[in-house]
Amino acid sequence: MPEILERRTIIHSTLHTSAPIQEPEMVEPRRLHTEEMVLNVGPQHPSTHGVLRLEVILDGELVVDVIPHIGYLHRCFEKHAEHMTYPQVIPYVDRMDYIAAMSGEHGYVTAVERMMNIEVPEKVEYIRVLFAELQRIASHSIAIGTYGLDAGAFTPFLYLFRDRETILEMFEKTCGARFLYNYMWIGGLSHDLHPDVLPMCREFVKQSRATHKEINNLLTFNHIFMERTAGIGVLDPQVAINGGASGPMLRACGVKWDVRKNDPYSIYDRFDFDVAVGSSEYATLGDSFNRHWVRMQEWEQSLNIIEQILEQYPINDTTDVQSAIPKRIKPDGEIYSRTETPRGELGFYIVGKGDVKPWRVKPRSPAFSNLSLLPLISRGYLIADLIVILGSIDIVLGEIDR
Amino acid sequence: MQILQAIYEFFAGLLKPGMLSLLLSILVYAAIPLVFILLYALVAILGEMKISAWLQDRLGPMRTGPKGTLQPIADIMKLLQKEDTTPTAADRTLYQLAPWVIFIGAYAAFAVLPFSAVYIGARINTGVFYILSIGSLTVVSILLAGWGSNNKYSLIGAMRSVAQIISYEIPVALAVLTVVLVAGSMDLQTIANLQGGGIQNWFLFGGPKRIAGFGGSMNIVLTPVMLIAFAIYFVGSLAETNRVPFDVPEAESELVAGYHTEYSGMKFAIFFLAEYASMFAVGSIAATLFLGGWQSPFGYTSATIGIFWFILKGLAFVFVQMWIRWTLPRLRVDQVMNVCWKVLIPFGLVAVVAASVLTVALK
């Protein structure tokens with residue numbers, strides 16, 4: 001611009017010395033008029049993992065901003081809980097994180113037992129941990145399978161469902177339900193372990209290790225899958241901690257935090273297992289690939305725990321699993337107790353006033369905090385990446401909306 | 001031409017020789033590929049269901065007919081009965097035109113496919129050129145569908161698709177050009193004829209010995225070039241037909257169903273049919289260019305057996321496309337473009353240059 005201005009000035013001043021020098025008019029090059037587009041992803045969309053609505057602001061295919069809208073599955077859990085007796089809350093807890101109902105129950109009954117200082121028989125603890133870990137594998141199977149679906153790979157999903165079926169069969173044999181169990185009761189269990197479960201479990205561990213290897217070959221280390229997920233949606237560890245992320249989402253950033261290790265509950269201190277964390281060996285720390293990778297590793301660690309349970313399980317123990325269930329459940333006081341579900345740290349804050357009904361039950365659900373970080377990690381990526389990032393968070397809307 | 005003659009004589013006997021009989025016989029002659037497409041679609045739909053079931057460790061349809069073999073017919077009946085909706089906000093003309101344009105594109109490609117020595121719809125001396133240009137009609141129809149639907153998902157899908165198909169036409173054309181350079185002809189029937197006499201004469205393995213010169217043994221040096229060209233053509237054809245891993249235009253996890261999100265009933269079925277038809281078309285073109293077309297892999301073949309080999313090779317390609325679809329994840333839209341511009345086109349150019357230099361050197 002200065003050069004043109006100079007030349008024009010010279011021409012002006014030589015030709016019309018008396019005329020006032022006018023500023024030359026700069027013509028802006030004509031640009032195509034573009035505007036941002038608002039795209040509503042969900043609540044009816046194949047990849048929102050339930051009834052989540054994402055208001056996505058797009059510039060072409062580039063994600064400018066994401067606003068998650070939740071509440072489509074809100075069922076007033078907290079209000080319901082205030083009108084139920086303590087044991088009656090358990091089926092409602094099942095329906096929070098319906099993908100991992102056993103883990104949710106485990107968290108709730110542990111909280112109430114801590115409130116009442118109940119000593120649970122050793123056998124019951126073994127069964128609880130066994131089922132919680134089986135549930136973790138079942139839940140991660142869905143997480144990994146649907147993640148494959150989000151990336152466009154259909155087949156791993158069905159392989160994983162085949163294995164999950166075995167787990168559900170074990171649950172069904174023991175407590176009659178396949179999905180929403182109401183199995184763990186305060187101080188005990190609804191049924192003793194079915195005699196078929198332990199042999200089935202031994203068989204399952206072998207089969208599951210084979211599937212684990214197969215999924216690694218088919219999905220995790222597939223070149224296209226790695227290209228799609230590596231370096232996408234990078235979450236900074238500091239942001240993750242401040243944002244309240246937990247579970248695989250936090251561990252993928254390299255933060256070694258697992259309630260089973262750091263604040264052991266039940267009998268987790270008896271087992272030898274590693275806390276899976278993300279690694280920068282294959283991809284950037286804290287990205288979508290590492291979140292998937294942490295789940296794959298946790299699957300393996302859960303199998304290790306199950307193997308140790310199978311070794312240590314007191315087969316000759318004939319204790320009644322309902323023997324420690326208190327006659328009167330009227331705890332007084334308040335407690336915050338946390339457990340590690342497949343999605344992260346599930347906390348229960350319970351206030352009791354010596355009544356059969358809790359005065360307040362406030363769950364701290366991991367997927368809710370994890371989802372709140374979605375806008376932070378998906379700005380500036382493409383819309384295809386947004387779906388991959390959302391899939392890597394592994395949300396369950398039942399738990400987010402409650 | 002013999003077949004057209006026979007049909008004309010049939011009509012001439014039935015009515016009377018003249019313009020009307022000629023017109024009718026041409027119509028019937030042109031409808032032969034249509035009948036083939038419809039029959040093949042039934043096989044392909046069942047094949048897709050059974051192959052995916054087989055890869056995914058399940059049974060697939062088992063209830064309709066013996067082992068579920070009548071399932072495609074049941075599916076088509078269902079689609080016919082469905083309500084054919086048009087969104088109120090859609091551009092009605094464009095919306096209703098799109099499925100027919102895509103089907104015309106896919107059907108027209110069948111005109112120059114040499115099914116056997118005697119049956120080829122139209123033997124034109126620029127068959128390869130015709131195929132490449134008629135394939136571009138897909139772009140028009142996808143854009144019509146995406147714009148006409150007035151749906152954001154459809155529009156994004158259409159935009160992706162157009163960018164992708166136009167880009168991938170270049171490597172596909174380069175790969176085809178490699179064969180044309182060696183064969184010295186753009187007529188698909190001539191290209192198929194050249195490859196007679198067995199597997200060693202296929203263009204995939206350097207082409208027929210009598211072209212190569214030097215007593216016919218030098219075609220081995222062309223083999224690597226042809227293998228590269230074949231790989232480029234195959235990858236490019238996957239992208240041109242929007243198949244996995246290049247199915248970004250209809251990526252169901254992101255764009256619901258891409259450009260055909262709003263279509264239902266018979267219009268959706270036409271999109272579906274066109275996709276299957278073009279899957280076979282690109283497969284059989286690959287077979288004609290590289291794998292001998294209707295020629296048998298073992299020595300020379302008669303015209304009737306030729307049609308069997310042609311369909312077998314075409315279906316083999318369709319099978320591979322399905323196999324890939326149920327195995328691989330999907331690429332991202334920019335990665336699709338990277339594969340095209342940074343990998344396929346440079347290699348395609350190398351293949352064209354190498355083929356021309358070698359062809360001249362070997363003559």
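1. In this predicted model, the domain assignment divides chain B into domain 1, covering residues 1-81, and domain 2, covering residues 90-362. The C-alpha centres of domain 1 of chain B and domain 2 of chain B are 21 Å apart, and the contact takes 17 residues from domain 1 of chain B and 19 residues from domain 2 of chain B.

2. On the side of domain 1 of chain B that touches domain 2 of chain B, the helices α1 (2-14), α2 (19-55) and α3 (71-81) of chain B each supply at least two residues, and the largest share, 11 residues, comes from α2(B). Sorted by class, this side of domain 1 of chain B has 12 nonpolar, 4 polar and 1 charged residues.

3. Turning to the contact between the chains, 23 residues of chain B are in contact with 27 residues of chain A. On the side of chain B that touches chain A, the elements giving two or more residues are α7 (152-183), α11 (252-255) and α14 (333-362) of chain B, and the classes there come to 11 nonpolar, 4 polar and 8 charged residues.

4. The largest nonpolar core has 200 residues, of which A:Leu386, B:Val176, B:Val179, B:Ala229, B:Ala281 and B:Phe290 touch the most other members. The largest share of this core, 16 residues, is supplied by α7(B). If neighbours within four places in sequence are left aside, B:Val179 is in contact with B:Ile191, B:Phe203, B:Ala229, B:Leu289 and B:Phe290.

5. Chain A has a secondary structure of 16 helices and 8 strands. Its radius of gyration is 27 Å, whereas the globule rule gives 21 Å for 402 residues, so chain A is more spread out than a compact globule. Taken along the principal axes, the box filled by the C-alpha atoms of chain A is roughly 110 × 50 × 35 Å.

6. Within chain A, buried residues make up 48% of the 402 residues. Among the contacts in chain A between residues at least 6 apart in sequence, 70% join residues at least 24 apart.

7. One helix of chain A may be followed in detail, namely α4 (residues 101-116), which has 16 residues and reaches 23 Å from its first C-alpha to its last, close to the 22 Å expected at 1.5 Å a residue. This helix, α4(A), is mostly covered, since 14 of its 16 residues are buried, and α4(A) is followed by A:Asn117, whose phi is positive, near 55 degrees.

Notes:
Residues numbered from 1 in each chain as written. Chains lettered and ligands numbered in written order. Predicted model: local features only at pLDDT ≥ 70, side-chain atom pairs only at ≥ 80, totals over all residues. Contact = placed C-beta atoms within 7 Å. Helix = DSSP H or I, 4+ residues; strand = E, 2+ residues; numbered from the N terminus. Nonpolar A, V, L, I, M, F, W, Y, C, P; charged D, E, K, R; others polar. Core = buried A, V, L, I, M, F, W, Y, C linked by C-beta atoms within 7 Å. Buried ≥ 20, exposed ≤ 12 C-beta atoms within 10 Å, placed from the backbone. Rg over C-alpha atoms; globule rule 2.2 N^0.38 Å. Expected span 1.5 Å × (residues − 1). Domains from an automatic or database assignment.
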